[in-house]
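Dear colleague,

Please find below the structure that I am handing over to you. My notes on what was found in it follow directly after.

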Amino acid sequence: MTSTWIVVTAVGLGTIAIKAVGPVLMGGRPLPRRLTGVVGLLAPALLAALVAVQTFGSGRALVVDERVVGVLVAAIALMVKAPSRRLSYDARLLFVVVIAAAATATARAVN
Amino acid sequence: MREGSSPASRARGLGAKGYRHGARAALPLAIAVGGFGVSFGVLARSAGFGWLAPIVMSATTFAGSAQFAAVSIIRDAGSVAAAVTAALLLNARYGPIGVSVAPYLTGSSWSRLVRAQLVVDESWALASEGDGRFNSRVLIGAGLVLYASWVLGTAIGSIAGDALGDPATLGLDAAFPALFLALLVPQLRGRTPIMAALFGAAIALALTPITPAGIPIIAASAACLLGLRR
């Protein structure tokens, strides 16, 4: 019980501090110009890394499992703007997430 | 500048771009995040965290992957130090992410500290307008919706516990890479962002087998140094 609360408190305080450091120290002021180009690439770099690790990572191993099926289906859906080009981005986002989960669940059930 | 309508935000259907637009854009993600919250609650309960601690953790930490890492290390009889270190390493990416949104968070230090807590991968990606610009209202609107669904999901999972099934059978583990892929696609306009994405993914995959969890994602942020060339 005690160790539970130590973990909860330490991780909570640490995370609050990490999230706050940039906005509290540098908030409301424009970044130096040289940094702007770098920060603009943070989103594509980190999002691609998250996709890669969450698709293939399993602890410290890289594996190809049913998640790949879901992510591939999602990639195709994004490419063809499924289910319809006329839907808003939000609606297509939900569609992509749901069919990815469904494809992986199906692949897992079949295996 | 922040009130303008960029091509990226128009492509995302966020024309007026206020808090409400952020909240609406986050709704589809909130379903996945809520489901993930339920599975966190179930896992934490099964790891001996009781019903209250998981809810408190979700309300204070608000960072899914780090919370999962901490709880699974404790469940596997790991030490408190290992659990805390792994979780904070996983959250270290919020250092540079916080710097990226800092220019758009105005107001007092306290209000910036509080609003900074609503930054998670999903709210940050939705608020991105490309070229390093962010919409703080979209960030806060989206962050609030995701926060509510994360904490509520955790509460359902930790209280209802074992009555719910294993989230893996529902394919929830594939929902997240699919979600991040969907958030990545609008960012890929031009050669440099595509290169940064490819480098980021390559760095993360190369480091996964040889470094502790969290390091590969932080190291991937080095790919943004490509921006120095311009």
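B:E129 and B:R133 form a salt bridge, with their closest N and O atoms 3.5 Å apart; the term requires a side-chain nitrogen of Lys or Arg within 4 Å of a carboxyl oxygen of Asp or Glu. B:E129 has a relative accessibility of 3% and therefore counts as buried, where buried means under 20% relative accessible area, exposed over 50%, and partly exposed in between (1.4 Å probe, protein chains only).

Please note that this is a predicted model, in which local features need pLDDT of at least 70 and side-chain atom pairs count only at pLDDT 80 or more, while totals for chains, interfaces and linings use all residues. Residues are numbered from 1 along each chain as its sequence is written, chains are lettered from A and ligands numbered from 1 in the order in which they are written, and side-chain values use heavy atoms, with hydrogens and water left out.

Over all chains, the count of salt bridges comes to five. One of them pairs A:R108 with A:E66, at 3.9 Å from N to O. Because A:R108 belongs to helix α5 (residues 89–110) of chain A and A:E66 to helix α4 (residues 66–79) of chain A, this pair ties together parts that are 42 residues apart in sequence. Helices here are DSSP runs of H or I with at least four residues, strands are runs of E with at least two, and both are numbered from the N terminus. A:E66 is buried, with a relative accessible area of 17%, whereas A:R108 is partly exposed at 22%.

Which residue of chain B does A:R108 meet in a salt bridge? The partner is B:D173, at 2.7 Å from N to O. Since B:D173 lies in helix α10 (residues 172–184) of chain B and A:R108 in helix α5 of chain A, the pair joins two chains. B:D173 is partly exposed, with a relative accessible area of 28%.

Rings of Phe, Tyr and Trp (its six-membered ring) pair if their centres lie within 6.5 Å; planes under 30 degrees apart count as stacked, over 60 as edge-to-face and the rest as tilted. The centres of the B:F62 and B:Y147 rings are 5.1 Å apart and their planes stand at 90°, so this pair is edge-to-face. It links distant parts of the chain, 85 residues apart: B:F62 is in the loop between α3 (52–61) and α4 (64–75) of chain B, and B:Y147 in helix α9 (residues 136–160) of chain B. B:F62 is buried at 4% relative accessibility, while B:Y147 is partly exposed at 28%. Separately, B:F36, B:F40, B:F68, B:W150, B:F176 and B:F180 form one aromatic cluster.

B:F62 also follows α3(B), and its phi is positive, near 45°. Within α3(B), the residues B:A53, B:P54, B:I55, B:M57, B:S58 and B:T61 are buried. Their cover includes α1 (2–26) of chain A together with α2 (19–46), α4, α5 (80–91) and α9 of chain B, with contact meaning heavy atoms within 4.5 Å.

B:Y104 is placed in the loop between α6 (94–101) and α7 (109–116) of chain B. This residue is buried, with a relative accessible area of 9%. The C-alpha atoms of B:Y104 and B:L139 are separated by 9.9 Å, although the two residues are 35 apart along the chain.

For chain B as a whole, there are twelve helices and zero strands. Of its 230 residues, 57% are buried. Among contacts in chain B with a separation of 6 or more, 71% are between residues 24 or more positions apart. The accessible surface of chain B comes to about 8,900 Å², of which 69% belongs to carbon and sulfur atoms; accessible areas come from the Shrake-Rupley method with a 1.4 Å probe, and for residues only the protein chains shown count as cover.

Yours sincerely
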